[in-house]
Amino acid sequence: MSGFVPLKRRAHVQYGLGQPPRLSDHGVPIIRATNIFRGRIVANDLIRARVEDLPLDRAPLLKLGEVLVVRSGAYTGDSALITPEWVGAAPGYDLRVTPGRDLEPRFIAYTLLGRRAMDQVDLAKSRAAQPHLNAEDLGEVDVLDAPVATQRAIADYLARET
């Protein structure tokens with residue numbers, strides 16, 4: 001089996017919205033830390049904003065296969081894969097991982113919820129008084145350096161077994 005490489009060598013890690021936009025009863029959902037729960041996105045207390053009120057140049061709408069990672073608070077490090085249901089939502093205030101072409105999105109989603117990655121996140125987030133994770137810390141998390149076909153096989157197996 002191959003070794004490990006930092007996530008930032010296989011994916012782009014960036015921040016979501018920098019500040020809250022003007023909210024609206026209609027518009028696109030904004031996925032925040034409170035909507036990420038143990039690897040899934042939940043619609044509880046979902047907030048919305050009109051597209052024209054979002055800084056799309058800085059935080060584009062979410063794409064299929066991206067992963068959101070909670071950046072601060074009690075659930076720092078929890079993450080969820082963007083599935084078809086959430087494509088076009090806004091990324092909230094957390095971290096956004098955009099896998100490169102040699103990284104299977106489901107594989108990275110499972111990896112980020114795994115013990116090795118969570119141990120690294122726990123170490124990084126404990127450096128501040130309030131649990132916090134920045135893009136550089138997340139970019140340093142180890143990812144198995146394996147061919148995409150192997151990543152797909154692992155993700156398929158985990159999808160069946162979990």
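Student: Is Arg-38 buried or exposed, judged by its relative accessible area?

Tutor: Arg-38 is exposed, because its relative accessible area is 67%. The scale calls a residue buried under 20%, exposed over 50% and partly exposed in between, using a 1.4 Å probe and protein chains only. Before going on, note that this is a predicted model, in which local features need pLDDT of at least 70 and side-chain atom pairs count only at pLDDT 80 or more, while totals for chains, interfaces and linings use all residues. Residues are numbered from 1 along each chain as its sequence is written, and side-chain values use heavy atoms, with hydrogens and water left out.

Arg-38 belongs to the loop between strand S4 (36–37) and S5. Helices (H or I, at least four residues) and strands (E, at least two) are DSSP runs, numbered from the N terminus. The backbone at Arg-38 has a positive phi of about 50°, although this residue is not a glycine. Further along, Asp-45 has a phi near 55°, a positive value in a residue other than glycine. Asp-45 sits in the loop between S5 and strand S6 (47–49). With a relative accessible area of 64%, Asp-45 is exposed.

Four of the five residues of S9 are buried, so the strand is largely enclosed by the rest of the structure. S9 pairs with S2 in the antiparallel sense over five bridges; two strands pair if DSSP finds at least two bridges between them. In this arrangement Tyr-15 stands opposite Leu-95 in S9. S7 and S9 run antiparallel and are joined by three bridges, and Leu-68 stands opposite Arg-96 in S9.

A nonpolar core is a set of buried Ala, Val, Leu, Ile, Met, Phe, Trp, Tyr and Cys residues joined through side-chain atoms within 4.5 Å. The largest one here has 23 residues, of which Leu-7, Val-69, Val-97, Leu-112 and Leu-138 touch the most other members. Its largest share, four residues, comes from H1. Not counting residues up to four places away in sequence, Leu-7 touches several residues, including Val-13, Val-97, Leu-112 and Leu-138. Contact here means heavy atoms within 4.5 Å. Apart from this core lies another, of 10 residues, among them Ile-36, Leu-62, Ala-80 and Trp-86.

Ala-109 is found in helix H1 and counts as buried because its relative accessibility is 12%. Leaving aside neighbours within four places in sequence, Ala-109 is in contact with Val-67, Ser-79 and Leu-81. The C-alpha atoms of Ala-109 and Glu-66 are separated by 8.6 Å, though these residues are 43 residues apart along the chain.

Glu-104 lies in the loop between S9 and H1. Beyond residues up to four places away in sequence, Glu-104 touches Gln-151, Arg-152 and Ala-155.
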